[in-house]
Amino acid sequence: MKKQLVGFTICLILGVGLGTIVKYLDTFTGYDGNWLMNIPSYLGDLFTRLGIWVLIATTIAAYSRTQISAALNTLIFFIGMLISYYLYSAYLFGVFSTSDIIYWSGLALVSPFLAVIIWHARNHTRLAWTLPALPIAFMLTLSLGLGCFYIVLNHIEELIMSVILCLIFYQSRKQLVVIMFISFALSFVIKQISPFHF
């Protein structure tokens, strides 16, 4: 129980910290000249995309001790992130977007169920041959433009995140090959039939 409470506390602190940092990065608009001054603007842009949050939540869920702690850890992380982000937003600008709150709150409420799937994808021997393809395929849809006769790289960062996900779920070379095959096939299907464009 003490270890679980420590895990919950770490996830809450991580969520609150990232929420505050990401909102602060929104205040940077980018600079010409010194490339060091472009880093906050670049990070602000990166954290507005879905991929980095999928990677963080997947990592939290995959390395949780149990499926229940995976569900609670990810929920607590997103709650902490949302509260700090929108409180800081209200402090800085005096207003915040209702549509954004609804969007991210929906993801937060769904995250425990997805976290259980992720936990089984890494910790269940048989399911590790198929389930990891779900987050990897989703990340590929964020990084690649896929069609019947073309592949276009949209975001190299999300492609790197796809590789990191492969490392998280890696068990053997054969398993990795199977996962990658399923992931590419699934990402292609998602791109063709999804009404949402990531």
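Tutor: The expected span of a helix is 1.5 Å times one less than its number of residues. Please keep in mind that the model before us is predicted.

Student: How many residues does helix 1 have, and what distance does helix 1 reach from its first C-alpha to its last?

Tutor: Helix 1 covers residues 2-25, which is 24 residues. Its end-to-end C-alpha distance is 34 Å, close to the expected 34 Å. The buried residues of this helix are Phe-8, Cys-11, Gly-15, Leu-18, Gly-19, Val-22, Lys-23 and Leu-25.

Student: How many residues does helix 7 have, and which of its residues are buried?

Tutor: Helix 7 (residues 156-169) has 14 residues and reaches 20 Å, close to the 20 Å expected. A residue is called buried when its relative accessible area is under 20%. In helix 7 that applies to Glu-157, Glu-158, Met-161, Ser-162, Leu-165, Cys-166, Ile-168 and Phe-169.

Student: What covers the buried residues of helix 7?

Tutor: The cover includes helix 2, helix 3, helix 5, helix 6 and helix 8.

Student: How many salt bridges does the count come to?

Tutor: A salt bridge requires a side-chain nitrogen of Lys or Arg within 4 Å of a carboxyl oxygen of Asp or Glu. By this rule the count comes to three. One of them pairs Arg-49 with Asp-45 at 3.0 Å, N to O. Asp-45 is partly exposed, with a relative accessible area of 40%, whereas Arg-49 is buried at 15%.

Student: Where do Arg-49 and Glu-157 lie, and what does their pair tie together?

Tutor: Arg-49 also forms a salt bridge with Glu-157, with the closest N and O atoms 3.1 Å apart. Arg-49 lies in the loop between helix 2 and helix 3 and Glu-157 in helix 7, so this pair ties together parts that are 108 residues apart in sequence. Both Arg-49 and Glu-157 are buried.

Student: Is Glu-158 buried or exposed, and which residue meets its side chain in a salt bridge?

Tutor: Glu-158 is buried, with a relative accessible area of 1%. Its side chain meets that of Arg-49 in a salt bridge of 2.9 Å, N to O. Because Glu-158 lies in helix 7 and Arg-49 in the loop between helix 2 and helix 3, the pair ties together parts 109 residues apart in sequence. Salt bridges with shared partners join Asp-45, Arg-49, Glu-157 and Glu-158 into one network.

Student: Which residues make the nonpolar surface patch?

Tutor: Leu-36, Ile-39, Tyr-42 and Leu-43 make a patch of about 320 Å². Leu-36 is placed in the loop between helix 1 and helix 2 and is partly exposed, with a relative accessible area of 45%.

Methods: Residues are numbered from 1 along each chain as its sequence is written. This is a predicted model: local features need pLDDT of at least 70, side-chain atom pairs count only at pLDDT 80 or more; totals for chains, interfaces and linings use all residues. Side-chain values use heavy atoms; hydrogens and water are left out. Helices (H or I, at least four residues) and strands (E, at least two) are DSSP runs, numbered from the N terminus. Buried means under 20% relative accessible area, exposed over 50%, partly exposed in between (1.4 Å probe, protein chains only). Patches are made of residues with over 30% relative accessible area and no salt bridge: like charges are joined within 9 Å, nonpolar side chains (Val, Leu, Ile, Met, Phe, Trp, Tyr) within 5 Å. Accessible areas come from the Shrake-Rupley method with a 1.4 Å probe; for residues, only the protein chains shown count as cover. Contact means heavy atoms within 4.5 Å.
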